[in-house]
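Student: I'd like to go through this one with you, fold first and details after. Can we look at it together?

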Amino acid sequence: MFFLYVLVMAIVTYLIRMLPFTLVRKKITNIYVKSFLHYVPYAVLGAMTFPVAFYSTGNIYTAMAGLVVALILAFLNRSLLTVAVASCVTAYVCGLLI
């Protein structure tokens, strides 16, 4: 049964990657389609990571504190390393205080 699951997963993954190459032969010129395709990776990444951020530490309050600090620093255009380190330190310090 395990190998059947792996085979189905491999076929689905291959189809998702292969179909755009076979169905779209010419360059995409429609600005709406290009805009949609430009934002899809960001939307998918946000949808996958944002809910997990609330449960990343095991305590919702420390996770919220780290998330708030990360959002504020990202809004202020700080570097990725600065945002990550500051949010981790904030969550850690809040965990020590709680």
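Tutor: Helices (H or I, at least four residues) and strands (E, at least two) are DSSP runs, numbered from the N terminus. This is a predicted model, where local features need pLDDT of at least 70 and side-chain atom pairs count only at pLDDT 80 or more, while totals for chains, interfaces and linings use all residues. Residues are numbered from 1 along each chain as its sequence is written, and side-chain values use heavy atoms, with hydrogens and water left out.

Student: What pattern does the chain follow along the sequence?

Tutor: Start with the secondary structure, which comes to four helices and zero strands. Read from one end of the sequence to the other, the pattern is α-α-α-α.

Student: What radius of gyration does the chain have?

Tutor: The C-alpha atoms fill a box of roughly 55 × 45 × 20 Å along the principal axes. The radius of gyration is taken over C-alpha atoms, and the globule rule is 2.2 Å times the number of residues to the power 0.38. For a compact globule of 98 residues that would be near 13 Å, but the chain has 20 Å.

Student: What share of the 98 residues is buried?

Tutor: Buried means under 20% relative accessible area, exposed over 50%, and partly exposed in between (1.4 Å probe, protein chains only). By that cut-off, the buried share of the 98 residues is 11%.

Student: Is Thr62 buried or exposed?

Tutor: Thr62 lies in helix 3. Contact means heavy atoms within 4.5 Å, and Thr62 touches Thr57, Ala91, Cys94, Gly95 and Ile98, leaving aside residues up to four places away in sequence. Its relative accessible area is 3%, so Thr62 is buried.

Student: Which residues does Ser87 touch, not counting those up to four places away in sequence?

Tutor: Ser87 lies in helix 4. Its relative accessible area is 14%, so Ser87 counts as buried. With residues up to four places away in sequence not counted, Ser87 touches Gly66, Val69 and Ala70.

Student: And Tyr92, buried or exposed?

Tutor: Tyr92 is also placed in helix 4. Between the C-alpha atoms of Tyr92 and Met48, 44 residues apart along the chain, there are 23 Å. Relative accessibility is 56% here, so Tyr92 is exposed.

Student: How far apart in space are Leu19 and Phe54, C-alpha to C-alpha?

Tutor: Leu19 has its place in helix 1 (residues 2-23), and it is partly exposed, with a relative accessible area of 38%. Leu19 and Phe54 are 35 residues apart in sequence, and their C-alpha separation in space is 35 Å.

Student: Which helices each supply at least two residues of the lining of the largest pocket?

Tutor: A pocket is an open set of points on a 1 Å grid over the protein atoms alone, where a 1.4 Å probe fits, with protein on both sides within 12 Å along at least five of seven lines; lining residues have an atom within 4 Å of a point. The largest pocket is lined by 21 residues, with Thr49, Ala53, Leu67, Ala70 and Val83 nearest its centre. Each supplying at least two lining residues are helix 2 (31-53), helix 3 (60-75) and helix 4 (80-97).
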